[in-house]
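This briefing concerns the packing of helices and the nonpolar core in a single model. Please consult the sequence and structure shown here alongside the points that follow.

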Amino acid sequence: MRERRSLPVVGQPQPERADAARNRQKIIEVAARMVTECGADNLSLDEVAREACVGVGTVYRRFGDRTGLLLALIDERERRFQAAFLSGPPPLGPGAPARERIVAFLHALVDRILADEALFLLLEKGGTAKRFTGPYRVHHIHLATLLARACPGADAAYLADALLAPVNAHLIACQREERGMTVEQIKSGLEALAGAVTRATS
């Protein structure tokens, strides 16, 4: 049976004037180019405004701060990722047992983070107020829902945080660059962790 629920989509655009929409798109395109050319660490809202030929106030009003702009940059891939685990084929999407979907989700989330690693590294520096909203909130709701099915009676919200904790850009970068771990080793470790959690709480 397919799920009939709706999760909040990161960066859901609100109705806006045509000129505002053009400015938003121009800012995102300029920011994406600057990240590609200069690296995400050097992303400056003032420089983005100058390159996009818009006022600095326009950038800050539209995105709030650099974290808001980072969320907008990762939005397109995040939407595709959310569509895959909400309505795509199993085991990531509906149709597979909850335990299988949990593992598939964690594996796919590793790939998701690696696809925008530099942006996620910056996003994680934004402090807890921003880090645990946006994509994290959506991922947490989805994982907690699966855990509630796999482990009835367990504290699914806490366990979702526990399984998501090791799936972050800084730790994955450390595992790969300093410990020499492969992506497959990281995924294997997450699978073992998910198995231990669901067995212990079922």
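This is a predicted model: local features need pLDDT of at least 70, side-chain atom pairs count only at pLDDT 80 or more; totals for chains, interfaces and linings use all residues.

Leucine 143 is in contact with Ile102, Phe105, Leu106, Ala160, Leu163 and Leu164, leaving aside residues up to four places away in sequence.

Nonpolar core
- The largest nonpolar core has 60 residues, and the members that touch the most others are Leu43, Ile102, Phe105, Leu106 and Leu143.
- H5 supplies the largest share of this core, with 10 residues.
- In soluble globular proteins, nonpolar side chains tend to be buried together.

Helix H9
- Helix H9 spans residues 156-164, and its residues Ala156, Leu159, Ala160, Leu163 and Leu164 are buried.
- These residues lie on the same side of H9, because they cover an arc of only 135 degrees around the axis.
- An α-helix has 3.6 residues a turn, so residues three or four places apart point the same way.

Helices H4 and H8
- The axis of helix H4 (residues 66-87) comes within 11 Å of that of H8, and the two cross at roughly 15 degrees.
- H4 is therefore roughly parallel to H8, as angles under 35 degrees count as roughly parallel.
- The crossing in which H4 passes H8 is left-handed.
- On the H4 side, Leu71, Ile74, Glu78, Phe81, Gln82 and Phe85 meet Pro135, Val138, His139 and His142 of H8.

Definitions and conventions: Residues are numbered from 1 along each chain as its sequence is written. Side-chain values use heavy atoms; hydrogens and water are left out. Buried means under 20% relative accessible area, exposed over 50%, partly exposed in between (1.4 Å probe, protein chains only). Helices (H or I, at least four residues) and strands (E, at least two) are DSSP runs, numbered from the N terminus. The arc is that of the directions from the helix axis to the C-beta atoms. A nonpolar core is a set of buried Ala, Val, Leu, Ile, Met, Phe, Trp, Tyr and Cys residues joined through side-chain atoms within 4.5 Å. Contact means heavy atoms within 4.5 Å. Axes are lines fitted to C-alpha atoms, for helices over the stretch in contact, and angles run from 0 to 180 degrees between N-to-C directions. Angles under 35 degrees count as roughly parallel, over 145 as roughly antiparallel, 65 to 115 as roughly perpendicular and the rest as oblique. A crossing is left-handed if the near helix is turned anticlockwise from the far one by less than a right angle, and right-handed if clockwise.
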